[in-house]
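Open the model in your viewer and keep the selection panel handy.

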2 protein chains.
Amino acid sequence: MALATVSAYAQFGGFGGFGGRGQGNPTVPSVTENVTEDFKPASNNQSGHQYPMVNSQRMVRAQISAPDATSVGLDIDGKIYSMSKDENGVWTGTSAPQDEGFHYYQLNIDGASVPDPGSLYYYGASRWGSAIEVPSTDQDFWQVKNVPQGSMNEVYYWSTVTEKMRHCYIYFPNEYYTNTTKKYPVLYLMHGMGENEHGWAEQGHTAQIMDNLIAEKKAVPFIIVIDCLDAQPAQRAQAPAQGQGGFGGFGGFGMGGAFQDVLIKDIIPMVEKNYRVIADPQHRGMAGLSMGGMTTHSVTLANPTTFAYVGMFSGGTFNTGELENNDDFKKTNKVLFMSCGGKENMGVMEAAENLKKIGINATGYISPETAHEWHTWRRSLYQFVQLIFK
Amino acid sequence: MALATVSAYAQFGGFGGFGGRGQGNPTVPSVTENVTEDFKPASNNQSGHQYPMVNSQRMVRAQISAPDATSVGLDIDGKIYSMSKDENGVWTGTSAPQDEGFHYYQLNIDGASVPDPGSLYYYGASRWGSAIEVPSTDQDFWQVKNVPQGSMNEVYYWSTVTEKMRHCYIYFPNEYYTNTTKKYPVLYLMHGMGENEHGWAEQGHTAQIMDNLIAEKKAVPFIIVIDCLDAQPAQRAQAPAQGQGGFGGFGGFGMGGAFQDVLIKDIIPMVEKNYRVIADPQHRGMAGLSMGGMTTHSVTLANPTTFAYVGMFSGGTFNTGELENNDDFKKTNKVLFMSCGGKENMGVMEAAENLKKIGINATGYISPETAHEWHTWRRSLYQFVQLIFK
């Protein structure tokens, strides 16, 4: 099953987001020609660390002390760049220019694939490991600013489907705490393959995107619930835990199978019971990136009267055949948003045009010059949340 | 200044919590004799990873594939254990028995100190890196259980002292969300040297300790604010950022200097403005571990009418000379708690006895068989929060 799904994703133009998995990536020389020597520490380095760095050409330069090593490589974007050792045993290497935005990577030291001790760590590419922010021209929209701050909450809850405690993030807008009688709409927001609920909370900068847009009055305040697609039904959860590592625990994904049950039977009731929520379809949305977008597709088709707002980021498209005679979906839906990176080819603009012709309020968005990576999805969220619950 | 403070800490019996810093640690052979072969994956491994493992003797076994390496070591508890390579290029090594609880460590591959790709990552020892849970007989008290769940919130706020946005965690008990008129006491809880606000939220398991105790009716519901001691006043923050790496950015700590200003002028007003808080000294507490305990000592002495509840975990003691003529402190204080690990020697029981004689409601606690590490502090929090706001 995992292989079949990988193959379904591969047709969407490659896995920028999986850079640095290091399995069979070719080794190439470090870039040394036409390099502009204006490298600066990446914005997401560990405190006090100068490396990794990025220059104005968006080349990544890594450095590590490994005096006894014979071979050290920088593994990013599907290539391993050979690094060179100086007289002090410090290895340095430079990649080709990268796309704007956020990229997973790792170091390879004498055959060992390890995180870079200079970077912060994120969950993606089916592991906790290194990533680097390559500055983008529009990165202002997800920075922490001195505007009224919401909060990103970590919450555990009991799942009747998996018979385990599960972990999610819930974003509350600033006024949730100060206006203690108002009720709010809720967006359920999903991650992609090889990722989990940490993605939107951390590298996705969901809280900052929302706080900034609410401060500019470009988005209305609402709650965002960020959960994890990995959901094994109870009877499977009790089997020996084989092969959990592959792509973040694929066994129970089922593209709307066990996770759909968890969402409908556990997550939504938990949220609507514990928090000040407007519990009707017109104040409920679902969106996701990549596999999370495909899950949004299947869950919203299977539950056509549950969610008025639907977003698919790099997750493919809805087609007219699925919706033209689906009166429940058409009556409930207020916004159907489909996006992808400019380096992906998902036909989102054409799909939106076609869906408009059958009466769907569809919107397409293409993130300029980005691939299947987080900057595509941050921009997609930024666009989508301005359209919903209005 | 950094060195002077390090030296002040060193007198408290060493730095278990700094295990795995790898600076000048001696290399010793991997343990091979009298090893019980009942190793199991550590509870805090990355999903799907078998290594690192722990056995019933509390020995740690690490493993990593590094086919081209000539030397790989497991760096834990101030020693580097030499690992051995098998015919597939996989290195394995075993440490001596460790204390119960949570230990930072790292791997050394041909001279490079790196995180273990098998473990989860935590902030401690002045870095994000690997750590391992060595099972303890009493670890049940900090597990995630199916009891009413509070939440651990990430919040940014503007500091007038540092003129920057700062990041903190705020724990809310379950009923904060369901009982929307009640106001709550607040505990301000601080980390130790080489750590930051992530410590109590993650390896400290503050939310689980509180949720479980509230469910058992052993603690009353209250809010906990977890902030970071690193606070450079604005004029210093504008100077070139020299030496930020050492022990988590020592420059501005000042043991109650810039941080005390941030706490009194920024954090407490922010919390009392934004949340449903009982804003008086009788409903305000401060506690911390190690350097955070020493900061609690200095801040509560400098602000004797502000906090009724005071806790120092592995942070030394109050003495009678400081308090016997301090009527403001004595009138305000309801509980003064001092603790340490059984392998530390901080005189907390004697200090509590002496303070009782001058009319302070002092309590001492010694965590059995642990050193200057997180299991000491989890147990200390578990004891302390049962005594306060009652």
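In which strand of chain A does A:Ser151 lie? Select A:Ser151: it lies in strand S13 of chain A. Bear in mind that this is a predicted model.

**Stop 1: A:Ser151**

Show the surface around A:Ser151. This residue is buried, because its relative accessible area is 1%, and the cut-off for buried is under 20%. Now show side chains. The side chain of A:Ser151 makes a polar contact with that of A:Asn153, at 2.9 Å. Leaving aside residues up to four places away in sequence, A:Ser151 touches A:Ile170, A:Tyr171, A:Phe172 and A:Tyr177 in chain A. Across in chain B, A:Ser151 touches B:Asn153, B:Glu154 and B:Val155.

**Stop 2: strand against strand**

Select residues 151–159 of chain B, which form strand S13 there. S13(A) and S13(B) pair in the antiparallel sense over 3 bridges. Pick A:Glu154 and look for its bridge partner in S13(B): that is B:Met152.

**Stop 3: the contact between the chains**

Colour the two sides of the contact. Chain A brings 48 residues and chain B brings 47 residues. About 3700 Å² is buried between chain A and chain B, with 60% of that area from carbon and sulfur atoms. Next, select A:Asp110, A:Tyr156 and A:Tyr177. In chain A, these three lose the most area to chain B, together 15% of what that side buries.

How many salt bridges are counted between chain A and chain B? The count is 0. Polar contacts join 12 residue pairs between the two chains, both residues at pLDDT 80 or more. Elements of chain A that each supply at least two residues to this side include strand S4 (59–65), strand S12 (127–134) and helix H2 (175–178). S13(A) gives the most, with 7 residues. By type, the side of chain A that touches chain B divides into 23 nonpolar, 19 polar and 6 charged residues.

**Stop 4: an open sheet**

Stay in chain A and switch to cartoon view. An open sheet of 5 strands runs in the order S2-S3-S4-S8-S7, with antiparallel pairing. Its edge strands are S2 (40–41) and S7 (84–85), each pairing on one side only. Zoom in on S3 (residues 53–54) of chain A: 2 bridges join it to S4(A). There, A:Met53 has A:Arg61 as its bridge partner.

**Stop 5: salt bridges**

A:Arg61 is in strand S4, while A:Glu37 is in the loop between S1 (27–29) and S2 of chain A, 24 residues apart. Which of the two is buried? A:Arg61 counts as buried, at 14% relative accessibility. A:Glu37 counts as exposed, at 56%.

Now select A:Arg379 and A:Asp138. Their closest N and O atoms are 2.6 Å apart, in a salt bridge. A:Arg379 lies in helix H11 (residues 374–385) and A:Asp138 in the loop between S12 and S13 of chain A, so the pair ties together parts 241 residues apart in sequence. A:Arg379 is buried, with a relative accessible area of 5%, whereas A:Asp138 counts as partly exposed, at 24%.

Finish in chain B with B:Lys356 and B:Glu353. Their salt bridge has its closest N and O atoms 3.4 Å apart. Both residues lie in helix H10 (residues 348–357) of chain B, 3 residues apart, about one turn of the helix.

Technical notes. Residues are numbered from 1 along each chain as its sequence is written. Chains are lettered from A and ligands numbered from 1 in the order in which they are written. This is a predicted model: local features need pLDDT of at least 70, side-chain atom pairs count only at pLDDT 80 or more; totals for chains, interfaces and linings use all residues. Side-chain values use heavy atoms; hydrogens and water are left out. Contact means heavy atoms within 4.5 Å. Buried area is the accessible area (1.4 Å probe) that two parts lose on being put together, summed over both. A salt bridge is a side-chain nitrogen of Lys or Arg within 4 Å of a carboxyl oxygen of Asp or Glu. A polar contact is a pair of N or O atoms within 3.5 Å; within protein, one must be able to donate a hydrogen and the other to accept it, and residues adjacent in sequence count only if both atoms are side-chain atoms. Helices (H or I, at least four residues) and strands (E, at least two) are DSSP runs, numbered from the N terminus. Ala, Val, Leu, Ile, Met, Phe, Trp, Tyr, Cys and Pro count as nonpolar, Asp, Glu, Lys and Arg as charged, and the others, Gly among them, as polar. Two strands pair if DSSP finds at least two bridges between them. Buried means under 20% relative accessible area, exposed over 50%, partly exposed in between (1.4 Å probe, protein chains only).
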